[in-house]
Amino acid sequence: MIASILVYVGTDAVGDGLIKLPFVRALRAAFPTARITWVAGKGPTVYAGILAPLVAGLIDEVIDDAGIGSRPLELLRRPLAGRTFDLILDTQRRLLTTLILKRVRHRRFISAAAGYLLSDARPAGKAKPSSMAAQLAGLVELASGRPPGLAAPLPLDPAIEAEADRLLPLGPRYVGFAPGAGGRYKCWPLDRYLALAAEMAGEGLVPVILLGPAEAEEWAATVRAALPSARLPLQEVAHPTPMLTIALGRRLAAAVANDSGTGHMLAAADIPLLSLFGPTPAEKFAPATARPTVVRAQDFGGTAMEAIPFDAVSQALRRTLAGDAPVCF
């Protein structure tokens, strides 16, 4: 029986934490009674900060900026004051770090570093998946001996759920649009998002436009002028959080997003999600969700987001709303 698990990461920014969230949920589902300790060895982790509410009940202990995994001299001691774990999962691949981590007392050790050279289990004849989410899911499979099943649910905060109900009350059928991203080169043109949202509004759906603070400053007035019936719920609260964005996502029939943090939040809401990719590789960064659809610029002869035609996204969204959208990569 595995009663204690150490998960090692180097450091986690917000995007890293969102990408790793399906891994955390799969790990908790595979080991529902284990005590899970998350160790950020080389810097901070957002699981000790802004994303801490998302992993409440999924992770039992977070050790932030632990100072483990950087210097060869660390090989001369045992990290974490001699603590022992039933299972260690190493999510990185730098060999020195893995050697240092293996000095932590343990009963079983899983690591993909150096082609699983130091791991107590290794995949049988499987090629390395391109997706970061799939690579992490593979660690759970090796540890548990079975493919990941249903993910553990995210925690629900009654106050946040009540706020989401206020912002998107029951009744209308909502469809979400997240036109922003960390870089504008990852954004499908805003005018196409607005045209698609207007098309959905014409068919009786209510568009929900999810804008981050920086995007709102530039785009909110344009969105309100173009889409009088649209909801901009994140602009109705003083301090929007990832937990609120995910709660709003659960109230959507489907959503469209670029390669962005908001896209990963919507994936965490477990709703049908249409993801648009251009310069960044979908096979590596597509959100992990049970009902994904991906439209790539490369399928239309380009790499820029502008290469994705409006009609392709419109048709894909309709299939997504109908429940029969395929994965497109």
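Let's start with a crossing: helices H8 and H9 cross right-handed. Keep in mind that this is a predicted model.

H8 covers residues 242-249. Its axis lies 8 Å from that of H9, and the packing angle is about 55°. Who touches whom? From H8, we have Pro242, Thr245, Ile246 and Gly249. From H9, Thr262, Met265, Leu266 and Ala268 make the contact. By class, that gives five nonpolar residues, three polar and no charged.

Now the other partner of H9. Helix H1, residues 14-30, comes within 8 Å of H9, axis to axis. The two cross at roughly 20°. An angle under 35 degrees counts as roughly parallel, so H1 is roughly parallel to H9. On the H1 side, the contact uses Leu18, Ile19, Leu21 and Arg25. On the H9 side, look at Gly261, His264, Met265 and Ala268. The class count here is five nonpolar, two polar and one charged.

Last stop, helix H11. It runs over residues 310-322, 13 residues in total. From first C-alpha to last it reaches 18 Å, close to the 18 Å expected. Which residues of H11 are buried? They are Ala312, Val313, Ser314, Ala316, Leu317, Thr320 and Leu321. And what covers them? The cover includes helix H6 (190-202) and strands S6 (174-178), S8 (252-258), S9 (273-277) and S10 (292-296). After H11 comes Gly323, with a positive phi near 90°.

How values were computed. Residues are numbered from 1 along each chain as its sequence is written. This is a predicted model: local features need pLDDT of at least 70, side-chain atom pairs count only at pLDDT 80 or more; totals for chains, interfaces and linings use all residues. Side-chain values use heavy atoms; hydrogens and water are left out. Helices (H or I, at least four residues) and strands (E, at least two) are DSSP runs, numbered from the N terminus. The expected span of a helix is 1.5 Å times one less than its number of residues. Buried means under 20% relative accessible area, exposed over 50%, partly exposed in between (1.4 Å probe, protein chains only). Contact means heavy atoms within 4.5 Å. Axes are lines fitted to C-alpha atoms, for helices over the stretch in contact, and angles run from 0 to 180 degrees between N-to-C directions. Angles under 35 degrees count as roughly parallel, over 145 as roughly antiparallel, 65 to 115 as roughly perpendicular and the rest as oblique. Ala, Val, Leu, Ile, Met, Phe, Trp, Tyr, Cys and Pro count as nonpolar, Asp, Glu, Lys and Arg as charged, and the others, Gly among them, as polar. A crossing is left-handed if the near helix is turned anticlockwise from the far one by less than a right angle, and right-handed if clockwise.
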